Amino acid sequence: MNELKDKIFKAQSEGDIASLYVLEAQAHDSFDEETLMAYYANILDLALERLTNALESLEKLDMNEVQDFATLRALYEYAIEHYSAGSASDASALFEVLSGISNDEAFSEAMKVHRAGCDTKIPFDDFIDEYVDMNATQNGGKFYISYFKKEISQ
């Protein structure tokens, strides 16, 4: 347990989001709910800091760079959390930022579909049921919803 805490502290102090994701399964096995919530909050804080730095320096996040990849994943999960909790306008804003900050065209296009779902007030469960091709997404090996059954008309 102390070894895990030491690894987590080292990753946090270095701003190493990717290592925090690598340690995620161990954290789930070792920590209580409150500690896990703090763990994910720290990942999000680091991701928001990296996002801010990228925006300030007018850089795009590179999906092939491990820390940028982990940052995009953390921010995507945060946006999905908002969408599934019914905060479509907050989620829409996050999806808009994500579509513009990534250098990965497929990711950017998928974020535009997510945003359209939010902007047209499609409830999250309906978005999943009616628009997402879950089999293709699960088989696609991406961390984000990447395949869709139909267009969202706006």
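Mentor: Let us begin with how elements are named: helices are DSSP runs of H or I with at least four residues, numbered from the N terminus. Please keep in mind that this is a predicted model.

Trainee: What is to be noted about the phi of Leu58?

Mentor: The general idea comes first. Most residues other than glycine have a negative phi. In this structure, Leu58 is not a glycine, yet its phi is positive, at about 55 degrees.

Trainee: Is Leu58 buried or exposed?

Mentor: The cut-off for the word "exposed" is a relative accessible area over 50%. Leu58 has 77% relative accessibility and therefore counts as exposed.

Trainee: Which value does phi take in Lys121?

Mentor: The phi of Lys121 is near 60 degrees, again a positive value in a residue other than glycine. Lys121 is found in the loop between α7 (105–119) and α8. With a relative accessible area of 62%, Lys121 is exposed.

Trainee: Let us turn to charged side chains. How many salt bridges does the structure hold?

Mentor: In general, side chains of opposite charge can pair when their charged atoms come close. The structure holds nine salt bridges. One of them joins the side chains of Arg73 and Glu24, at 3.2 Å from N to O. Arg73 lies in helix α5 and Glu24 in helix α3 (residues 24–30), so this pair ties together parts that are 49 residues apart in sequence.

Trainee: Is Glu24 buried or exposed?

Mentor: Glu24 counts as buried, with 17% relative accessibility; the cut-off for that word is under 20%.

Trainee: Which residues are linked with Glu24 in a network of salt bridges?

Mentor: The network of salt bridges links Glu24 with Arg73 and Glu77.

Trainee: And which residue meets Arg115 in a salt bridge?

Mentor: The side chain of Arg115 meets that of Glu96, at 3.6 Å from N to O. Arg115 is partly exposed, at 30% relative accessibility. Glu96 is also partly exposed, with a relative accessible area of 42%.

Trainee: How should I read a salt bridge inside one helix, such as that of Glu109 with Lys112?

Mentor: One compares the spacing along the sequence with the helical turn. Glu109 and Lys112 are three residues apart in helix α7, and so are separated by about one helical turn. In their salt bridge, the closest N and O atoms are 3.1 Å apart. Glu109 is partly exposed, with a relative accessible area of 37%, and Lys112 is partly exposed as well, at 44%.

Trainee: What lies 2.9 Å from a polar atom of the side chain of Ser99?

Mentor: The atom in question is the backbone oxygen of Glu96. Ser99 is found in helix α6 (residues 88–101). Ser99 counts as buried, with 14% relative accessibility.

Trainee: Which residues gather in a patch of negative charge on the surface?

Mentor: The patch of negative charge is formed by Asp125, Asp126, Asp129 and Glu130. Glu130 has its place in helix α8 (residues 124–131). A relative accessible area of 36% makes Glu130 partly exposed.

Trainee: What separates the C-alpha atoms of Ala38 and Asp62?

Mentor: For Ala38 and Asp62, 24 residues apart along the chain, the C-alpha atoms are separated by 27 Å. Ala38 is found in helix α4 and counts as partly exposed, at 46% relative accessibility. Another such pair is Leu58 and Ile8, which are 50 residues apart in sequence and 30 Å apart in space, C-alpha to C-alpha.

Note on methods. Residues numbered from 1 in each chain as written. Predicted model: local features only at pLDDT ≥ 70, side-chain atom pairs only at ≥ 80, totals over all residues. Heavy atoms only, no water. Patch = residues over 30% accessible without salt bridge, like charges linked within 9 Å, V, L, I, M, F, W, Y side chains within 5 Å. Areas by Shrake-Rupley, 256 points an atom, 1.4 Å probe, with all protein chains shown as cover. Salt bridge = Lys/Arg side-chain N within 4 Å of Asp/Glu carboxyl O. Lys, Arg positive; Asp, Glu negative; His and termini not counted. Charge placed at Lys NZ, Arg CZ, Asp CG, Glu CD. Helix = DSSP H or I, 4+ residues; strand = E, 2+ residues; numbered from the N terminus. Buried < 20%, exposed > 50% of the residue type's maximum accessible area, 1.4 Å probe, protein only. Polar contact = N/O pair within 3.5 Å; in protein donor to acceptor, adjacent residues only side chain to side chain.
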